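Please consult the sequence and the structure shown below.

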Amino acid sequence: MGDPSRTRIGVAIDIPEPWGTMLTRRRAEAGDPQAAWTPAHVTLLGPTEVDTGALPAVEKHLEAVAAAQPPFTVHLRGTGTFRPITEVVFVSLAMGISECELLAEAITRSGDIRRDSRFPYHPHVTVAQDVAPEALDAVFDDLAGFSCRFPVSSFTLFSHGGEGPWRPRRDFPLGG
């Protein structure tokens, strides 16, 4: 199953109901197999391998990051795409971008976390990835008018064992 001395983690903000289920379902309808394993979310740290023994230190670091960031509001509105660089359609953040950027940057200040920096960080909610161009176009059009607002009072550390869904490990409340 992989190296037990390493653990794959991710950090994200969950999209609350009813929007989380709706966006995850739309991703599944597009034929994206990741929908079954990855509920709708805003990534703060994408899939990252860390030393399993470093997890307590990582959690302590995440506590400090969360405590330093007051709760904020996210407004999701409309769609965007990373095409042609990557075959991704997403729901855009109209509000909450800078807070997510600050959190993402602070999270990677831990010596135990090395972010994959092939692409610059851009907060978003993926709604289709690596599916047929027609499916990407359809999701882009279907969700162009999507809009919702919600308060963000925490983020979640997830881990992945290589199979099945990402599992929440712990929530970190914002603002201490």
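The points that follow treat the basis of the values, the pocket and the sheet.

The model is predicted: local features need pLDDT of at least 70, side-chain atom pairs count only at pLDDT 80 or more, and totals for chains, interfaces and linings use all residues. Residues are numbered from 1 along each chain as its sequence is written, and side-chain values use heavy atoms, without hydrogens and water.

**Largest pocket**
- The largest pocket has a volume of about 1200 Å³ (a pocket is an open set of points on a 1 Å grid over the protein atoms alone where a 1.4 Å probe fits, with protein on both sides within 12 Å along at least five of seven lines).
- Its lining comprises 38 residues, and Thr43, Gly46, Pro47, His124 and Gln129 are the closest to the centre (lining residues have an atom within 4 Å of a point).
- At least two lining residues come from each of β1 (6-14), β2 (41-51), β5 (124-129) and β7 (154-160) (strands are DSSP E runs of at least two residues).

**Four-stranded sheet**
- Strand β3 (residues 72-81) is joined to β6 by six bridges, and His75 has Arg149 as its bridge partner in β6.
- Five bridges link strand β4 (residues 88-95) to β5, where Ser92 stands opposite His124.
- Five of the six residues of β5 are buried (under 20% relative accessible area, with a 1.4 Å probe and protein chains only).

Notes:
Grid points are joined across faces, edges and corners, and a volume is the space filled by probe spheres set on the points. Two strands pair if DSSP finds at least two bridges between them. Buried means under 20% relative accessible area, exposed over 50%, partly exposed in between (1.4 Å probe, protein chains only).
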